[in-house]
Amino acid sequence: MAHLRLMSEKKSEPASGASHVNDLGHVKEATPSLIQVFEPHKASLPPVGAYMREFWSRKRFSLELARFADKAEYLESNLGKVWLVLNPLLLAFVYFLLVTVLRGGSDKAHGFTTLAHILIGLFTFYFAQNVISDGAQSITSGGRLILNQAFPRTLLPLSSAIRSFWQYIPTIPVYIVVVVIGKFFIPKADIHIFSWALLWIPYVTFCLALTAFGMALIFATMNVYFRDTSKLLSYTTRIWLYASPVLWLPEMLHGWHRAILYVNPLGPALSATAEIWIRGHQPTLAQIIGLAVWAVIAMIFGGYFFISRERDFAVRI
Amino acid sequence: MKKNRMLIDMPADLAVRIEDLSITYKINVDTKKTLKNAIMRASKGEKVRMRTVEAVKHMNLDIPHGSVLGIVGANGAGKSTLMRSIAGILPPTEGRITVNGKISTLLALGVGFNPALSGRDNIILGGLASGLTKEEIAAKTDEIARFADLPDGFIDMPVRTYSSGMYGRVAFAVAVAMTPDILLLDEALSAGDAAFKEKSFLRMRELVQEARTIVIVSHALQTVKDLCTHAIWMHKGQILAKGDAGEITEKYLEFLNVGTLPSNLEDF
Ligand SMILES: Nc1ncnc2c1ncn2[C@@H]1O[C@H](COP(=O)(O)OP(=O)(O)OP(=O)(O)O)[C@@H](O)[C@H]1O
Ligand SMILES: [Mg+2]
């Protein structure tokens with residue numbers, strides 16, 4: 001087929017193409033600043049460097065998207081924010097009752113330690129769960145934004161992750177308040193409130209966030225192809241909770257059973273968090289390594305799976 | 001990017017070059033897209049029936065800087081698909097698109113505004129989505145709001161209370177505010193009233209004077225005639241005719257009235 005060319009009436013001399021004489025006789029730059037090439041792909045990565053640069057330069061979009069989503073959600077009810085904290089708090093009490101009934105009760109001090117353990121474990125688990133399940137839906141619910149704007153799609157699950165983090169933050173003071181009040185009534189309870197080990201929290205949380213984000217990328221991609229993924233995910237996370245050291249203590253496992261703590265991507269983070277908050281112990285070397293390993297694995301797999309397919313999203317959404 | 005420019009053979013006076021472009025949609029015909037269905041089918045050994053729709057077929061097109069190109073064609077001709085691929089949203093199935101310059105889009109279906117938020121918040125969100133920084137968009141918000149010129153205080157009301165014309169005004173104001181090198185408009189002006197149309201035409205002419213490029217998809221042939229220097233007529237994913245905007249709209253109008261393709265184009 002012949003190459004069609006639309007000639008501009010005021011076509012400029014081809015050699016100096018950068019400048020342009022318009023009707024008013026002004027010479028203006030044609031600003032050939034940025035050349036982009038779009039070509040076919042087969043489930044392969046786009047140029048990683050360029051993608052990362054684009055992602056980094058537009059990270060602010062994620063943040064604002066999260067901020068505005070929050071704003072939209074709580075525009076009507078301010079009670080919504082209270083629920084975010086109240087919901088896991090109440091659930092923690094329910095689980096606590098269940099656990100103590102199952103165990104046939106125990107002394108006050110021990111019971112309170114169990115409660116604290118469930119509280120911080122559940123709050124942390126919900127953080128990861130929200131990153132994963134909200135992130136998983138971020139693409140399929142991104143509708144018009146995805147159809148009408150070109151941007152690195154990883155920004156959408158990132159935005160969900162940011163929101164989940166904001167929801168996680170206020171649960172920490174709630175935990176501290178509960179523990180402080182509890183210690184006042186039950187001074188024998190073996191719970192450290194503040195210790196140097198807390199300095200490890202940023203590292204642990206960061207690795208946990210990366211792990212959960214990487215998995216969010218995997219499930220978000222799957223959800224584009226199979227729309228029931230997010231429904232399936234809600235069952236999966238429940239089982240996941242029972243398989244995590246939240247309702248039980250890591251030291252209840254012995255021998256090779258301890259492997260469960262590390263096979264579970266959230267395992268090292270959850271046991272390290274409990275160790276830090278409850279005992280005031282630094283995380284073990286195995287936990288520190290386990291955290292980093294899961295974060296790297298999740299980011300590499302999730303990132304590859306998502307980014308190599310994200311150009312398909314607009315066609316399939 | 002610099003390295004790319006040396007490798008890619010793109011004349012400096014071109015804004016967009018489309019080479020042998022084909023875009024195919026794959027549609028899963030008879031099942032819902034669920035994991036359950038996929039597993040059921042796999043266990044029965046059935047294959048998923050796929051239908052392919054060739055929305056754009058082997059298209060070649062060069063769009064020089066400073067031109068206003070109109071695209072006309074029947075529903076389903078592939079116009080929106082072409083626009084999305086120029087914007088980098090839909091990847092080509094075959095061929096290549098080279099784009100030189102910053103793109104701003106205002107495509108069919110609207111901008112993905114958040115209906116619970118005010119117009120002003122959505123301006124910020126829209127600007128960020130199209131690649132402006134927070135500072136840039138903050139500096140421009142008032143200007144955009146002034147351009148959209150909504151009646152008494154609506155700019156601070158939730159977008160869900162807007163009429164479709166008001167919605168269209170804000171969307172257009174955002175799209176032109178980022179002074180794009182290439183502006184892609186898909187049915188963007190249809191909801192605006194006469195006064196706003198006038199204003200947006202003026203703004204687009206300004207952009208063209210600055211050697212910026214505009215591509216317009218519209219079913220309002222008068223708009224195409226008034227604004228565009230050139231036009232193409234798309235039919236079933238191919239370019240049926242190209243040339244002067246007045247001429248093309250004439251031909252297309254004739255086709256719409258008579259219902260048959262011009263005799264010299266019958267082979268399509
Ligand atoms: N998301 C999609 N999935 C599958 N097929 C699609 C999708 N979008 C468009 N198509 C098909 O591609 C073809 C071209 O559609 P397109 O939207 O580009 O047409 P158009 O020229 O913009 O039409 P209109 O004038 O109605 O806006 C149509 O046959 C349509 O059915
Ligand atoms: Mg269309």
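A: Let us start with the word "buried": a residue is called buried when its relative accessible area is under 20%, and exposed when that area is over 50%. Please also keep in mind that this is a predicted model.

Q: Okay, so is B:Arg203 buried or exposed, and why?
A: B:Arg203 has a relative accessibility of 15%, and because the cut-off for buried is under 20%, B:Arg203 counts as buried.

Q: And where in chain B does B:Arg203 lie?
A: B:Arg203 belongs to helix α7 of chain B, which covers residues 194-209. The C-alpha atom of B:Arg203 is separated by 9.8 Å from that of B:Ala177, although these two residues are 26 apart along the chain.

Q: What about the other arginine I clicked on, B:Arg17, where is its place?
A: B:Arg17 is found in strand β1 of chain B, and with a relative accessibility of 13% B:Arg17 counts as buried.

Q: Which side chain is joined to that of B:Arg17 by a polar contact?
A: The side chain of B:Asp62 is, and the polar contact between B:Arg17 and B:Asp62 is 3.0 Å.

Q: Switching to the ligand, which residues come nearest to ligand 1?
A: There are 13 residues around ligand 1, and the nearest of them are B:Asn75, B:Gly76, B:Lys79, B:Ser80 and B:Thr81.

Q: How far from an oxygen atom of ligand 1 are the polar atoms of B:Asn75, B:Gly76 and B:Lys79?
A: For B:Asn75, a polar side-chain atom lies 2.9 Å from an oxygen atom of the ligand, while for B:Gly76 a polar backbone atom is 2.8 Å from an oxygen atom of ligand 1. For B:Lys79, an N or O atom of the side chain is 2.7 Å from an oxygen atom of the ligand.

Q: How much of ligand 1 does the protein bury?
A: Ligand 1 exposes 630 Å² when taken alone, and the protein buries 67% of that.

Q: Which elements give two or more residues to the shell around ligand 1?
A: In chain B, these are β1 (14-28), β2 (50-64) and α3 (79-86), with the largest share, 3 residues, coming from α3(B). By class, the shell is made up of 6 nonpolar, 6 polar and 1 charged residues.

Q: Why is α3(B) described as largely enclosed?
A: Of the 8 residues of α3(B), 7 are buried, so this helix is largely enclosed by the rest of the structure. Among the buried ones are B:Lys79 and B:Thr81, which were also listed with the residues that come nearest to ligand 1. Just after the helix, B:Gly88 takes a positive phi of about 85 degrees.

Q: New topic, what is the volume of the second largest pocket?
A: The volume of the second largest pocket is about 930 Å³. Its lining has 40 residues, and those closest to the centre are A:Ala69, A:Glu73, A:Asp134, A:Ser160 and A:Arg163.

Q: Which element gives the largest share of that lining, and what classes of residue are there?
A: The largest share, 9 residues, comes from α4(A), and the lining as a whole has 19 nonpolar, 17 polar and 4 charged residues.

Q: Last one, is A:Phe112 buried or exposed?
A: A:Phe112, whose place is in helix α4 of chain A, counts as buried at 10% relative accessibility.

Notes: Residues numbered from 1 in each chain as written. Chains lettered and ligands numbered in written order. Predicted model: local features only at pLDDT ≥ 70, side-chain atom pairs only at ≥ 80, totals over all residues. Heavy atoms only, no water. 1 Å grid on protein atoms, 1.4 Å probe; cavity = no way out; pocket = protein on both sides within 12 Å on 5 of 7 lines; lining within 4 Å. Points joined across faces, edges and corners; volume = space filled by probe spheres on them. Helix = DSSP H or I, 4+ residues; strand = E, 2+ residues; numbered from the N terminus. Nonpolar A, V, L, I, M, F, W, Y, C, P; charged D, E, K, R; others polar. Near = heavy atom within 4 Å. Polar contact = N/O pair within 3.5 Å; in protein donor to acceptor, adjacent residues only side chain to side chain. Areas by Shrake-Rupley, 256 points an atom, 1.4 Å probe, with all protein chains shown as cover. Buried < 20%, exposed > 50% of the residue type's maximum accessible area, 1.4 Å probe, protein only.
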